[in-house]
Amino acid sequence: MSLLSVKNLSVGYQTPAGVIRAIDNVCFDLETGRPLGFVGESGCGKTTIGMALMGLLPDNGTVLGGDILFRGKNLACFSEKQWRKIRGRDMAMIFQAAMNALNPVYRVADQIREAIITHHPEAAEADLDSRLEELFDLVDMPLERAWDYPHEYSGGMKQRAVIAMALACSPKLVIADEPTTALDVIVQDQILKGLRAIQARLKIGLIFISHDIAVVASVCDRVCVMYGGQIVEAGTTDEVFSSPRHPYTRMLLGAYLSLDSKPDIRVPEMGETPDLFQADGRCRFSVNCPERSADCSSSRPKWIEVSKTHRVFCCNEALIRSINETL
Amino acid sequence: MLKTHYIHRFFAGWQIFIKNPVAKAGVFIMVVFMVMALASFCLPLLGPMYDPMTGIDPDIRLSTPPSLTHWLGTDNVGRDILAQLLEGAKVAFIVGLSSAFISIVLGTAIGMVAGYAGGLWDAVLMRAADIIMVMPSLVILLILASLFGQFNIWLIVFIIAILRWPAVSRVIRSQTLSLKQRPFIEASQVAGASSFRIIFRHIMPNVLPLAFLYMTFRVTSAILVEAALSFLGFGDPSQVSWGMMLQWVWKSGHMFQAPYWLIPPGISISLLTLAFYMLGRAMDEVLDPRLRRQAQG
Amino acid sequence: MKPGVFLVKLLEIALIFFIILTLLFFLFRLSPGDPVSKMVDPMLTPEDMDHLISQMGLDRPVWEQYLIYVKNFFTGRFGVSFHYGEPVKDIIKQRLGWTILLFTTSTVMAAFAGVYLGKIAAWKKNSRLDNIMSISALVCYTLFIPWFALLLLWGLGYQLNLFPLGGVLTPELWVGAGSFVAKALDLAHHMVLPLMTLFIINLGSYLLLMRSSMLSVLQEDYIITARAKGLGETVIRDKHAAKNAALPVITSVGLNLAFSINGGALTEQIFTWPGIGRELIFAVSNNDYPLAQACFLLIALVVLVANLIVDLLYAWVDPRITY
């Protein structure tokens, strides 16, 4: 039984120019205690997925269709009151903390305690203190710093504090949206190692969102590649990153040159922006696809199972199955 | 090339501006008062009876309610109130706009110098701005009145202007600071242009539109302060301003018996300041998209 | 705030006040008319006149006069009022308390109400309630004080006879041996109209400021974090957003002083509230220069000190500020 099962989820934003379909018919499952990555460039919809899963879409955003099945309930039709019950308790979000994710006028300890008290108002002082200690230990932070204000923390410490706060009520599902993006490389590495260890130890279902392929690859064992609001390829990290099948994934990885890069790798030219208003389910990558054919503008792509775990979203099955090289 | 760019930006801004209901209301009210102010020039055509200052109706010697000959009634000496109201509109516009204009000129100059020169100049000028900004203008005008006697309207305008430039200078200074970083300024410096030349030929054109946009708030404070000063009896006695009208109502003890005399000038002051303020806020929304009312995606 | 920094700020105030004092002195010398007749009532007896003249150094050279002037100010020798015939110092002592009472009460009330209403207006942005509140606040902000005060006086005082038309107490009540409560109530009764005037005028700007501050705070990430923690709407609005949004409003009290002091003087005048503002206006109309000068300098001093207090308050409330 999956912890989280998303079926045909579509999310739109109301704008003066019409409805932007930021996510189009997205499907994926998350097993309990497994890390799943979402990778793609800015604007591909990965942040919107995170927000939709937490019910934190802005005022002009709505779920246009589909289901979000979490612990037997469909979150897509949750009321604000129902959301408030599970947010922070059964599911939590880790934001990019280098910015202002912590309230500047309250001490960090008080903000973490608030996270606990909101869902466990009966908790005793002693319990709160010991839980605080546990959490700080978990994210590898000295307890004395707990009573400082956020502006006294470094970027890495702020991120750790945000992680600790997310884990305060031991949620089963944690969504991390670009948690290390604004940090320098060394701190980033520490945080990622820590996060991976915590995820494994506490058996947390983790959704990890990032534009950085290397980061996603180091934390997750399954990954979904997104473009223009659609998932174009999904599978184990190994499958997707070592033997990508979808033309976009191949281009993405081609752009990401490794140290021992082959001299003949082309950095892709992506001239067009995907049409996010499009609502008929056609492939949004086709405008930029080097393998584009006449079918792309007339038919809808389907899921092609390359292996039990590896699937690709394309209308040209033959093309996908024929790709055999590894990068 | 720069000119067409400005014209284009102006029209784009105007489109957004005019859709805003606040802007519409503000423009409407202001137009009404402008018509009133312009109408005051036609008063002499109606005859000497309607002169705001000296026009006494030979048949009326005291304050009367509205009638056919005097649409808003007369004051306690028999002068037509509507005529006075129109004249007051003219005075309000003159005071407001000229005071604001001087403020802008001063504030822009000081803001540019502070922003461009930096260092000690900047620190001293901005500190002076801070101090002046918190000083109550009415109180200062009062003590000056006690020293120098009755004021002429232009002196009032000028003094208000030199008390109100700080707000403008802050905004201009920030703008100058960011412009200072731009490559074309560096290029001028390398080419050997003097600071004076750089400030006035390069920075000023880029900074002036902003300065004029903030003019509206200067207008409101000028009108209110002049009205208060006149109300207390220290205004220019040769001018019929709305504040002066209120002074007459009050001093003649008619304020409880003559609502037709009490209400129009007061409402006019408030409405006109409101109109300018609304215009300023609406322009603010044009400049800063975050303040706009429609939700963006 | 560290004591060293506080001291520097005090010194700065002293310096600025000094500059104001000096400027005033020079303006006084530059003004038309005979300085002696300005400062010393020609109606006094020759002996009294001579005494005052030497006390104020009006018979000395200018620079000596200046030093005496400064010294006199700090020792409280402001001269003798033409109109009252009493030392200015005594008059001011009586008036200052009334101004502070009215002014502080109205400012505090307006600030708190403004913060409370502004927070609600921003939370329900663009709703009917918000629009009503914003427009009302705007109207309040641009009301012409004397006119509004006169309207209140006319409506509630004259027509409905609910409140006294002026003054601060009913003389009969206070001269006799009335109870403390009766006296306090009487004072409150007289204070209602002027307080209401100042409250409504200042409320507008605080409400609008709080509203816009709140609107930018609501865009911040920590508000989304608060939602993500599952906090209730009221908790987010009050505990997380409002507390941050109220900070700039505190500084604005200082900036708003110019506007509110102008308003205070006008209100005192109309309601014949015996404060410093009214005294200043009175002194100016009666050419009572010693009194006018002292009132003005006192107001200037109050402005500077009030700003310092606001600075201190802000440093205390915002943990990010460390001086």
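In which sense, left-handed or right-handed, does α4(B) pass α8(B) in their crossing? The legends below walk through close-up views of a predicted model, and the first view takes up this question.

**View 1. Helices α4(B) and α8(B) packed against each other.** The crossing in which α4(B) passes α8(B) is right-handed. Here you can see helix α4 (residues 81-117) of chain B against helix α8 (residues 165-180) of chain B, at an angle of about 40° and with axes 7 Å apart. The two helices are therefore oblique to each other. On the α4(B) side, the residues making the contact include I104(B), L106(B), I110(B) and M112(B); on the α8(B) side, W165(B), V168(B), I172(B) and L177(B) are among them. Sorted by class, this contact of α4(B) with α8(B) has 10 nonpolar, seven polar and three charged residues.

**View 2. The side of chain B that touches chain C.** The contact draws 33 residues from chain B and 36 residues from chain C. On chain B, look for α5 (119-134), α6 (137-148), α11 (215-232), α12 (242-251) and α13 (259-287), each supplying at least two residues. The biggest giver is α6(B), with nine residues. By class, this side of chain B has 25 nonpolar, seven polar and one charged residues.

**View 3. An open four-stranded sheet in chain A, with a helix packed on it.** The strands follow the order β2-β1-β4-β5, with antiparallel pairing. At the edges stand β2 (18-30) and β5 (73-74), each with a single partner strand, so one side of each has no neighbour in the sheet. Within the sheet, strand β1 (residues 4-15) and strand β4 (residues 61-70) of chain A run antiparallel and are joined by eight bridges. To find your bearings, pick out V6(A), whose bridge partner in β4(A) is I68(A). Helix α1 (residues 46-54) of chain A packs on this sheet and touches β1, β2 and β4 of chain A. The direction of α1 makes about 75° with that of β2(A).

**View 4. Strand β10(A) and its partners.** Strand β10 (residues 230-236) of chain A has six of its seven residues buried, so the rest of the structure largely encloses it. Strand β9 (residues 222-227) of chain A pairs with β10(A) in the antiparallel sense over six bridges, and V223(A) stands opposite G235(A). These two strands form a hairpin with two residues between them. In the turn, G228(A) has a positive phi of about 55°. Strand β12 (residues 311-314) of chain A also pairs antiparallel with β10(A), over two bridges; there, E233(A) stands opposite V312(A).

Methods
Residues are numbered from 1 along each chain as its sequence is written. Chains are lettered from A and ligands numbered from 1 in the order in which they are written. This is a predicted model: local features need pLDDT of at least 70, side-chain atom pairs count only at pLDDT 80 or more; totals for chains, interfaces and linings use all residues. Two residues are in contact if their C-beta atoms, placed from the backbone, lie within 7 Å. Ala, Val, Leu, Ile, Met, Phe, Trp, Tyr, Cys and Pro count as nonpolar, Asp, Glu, Lys and Arg as charged, and the others, Gly among them, as polar. A residue is buried if 20 or more other C-beta atoms lie within 10 Å of its own, exposed if 12 or fewer, and partly exposed in between; C-beta atoms are placed from the backbone. Two strands pair if DSSP finds at least two bridges between them. Axes are lines fitted to C-alpha atoms, for helices over the stretch in contact, and angles run from 0 to 180 degrees between N-to-C directions. Angles under 35 degrees count as roughly parallel, over 145 as roughly antiparallel, 65 to 115 as roughly perpendicular and the rest as oblique. A crossing is left-handed if the near helix is turned anticlockwise from the far one by less than a right angle, and right-handed if clockwise.
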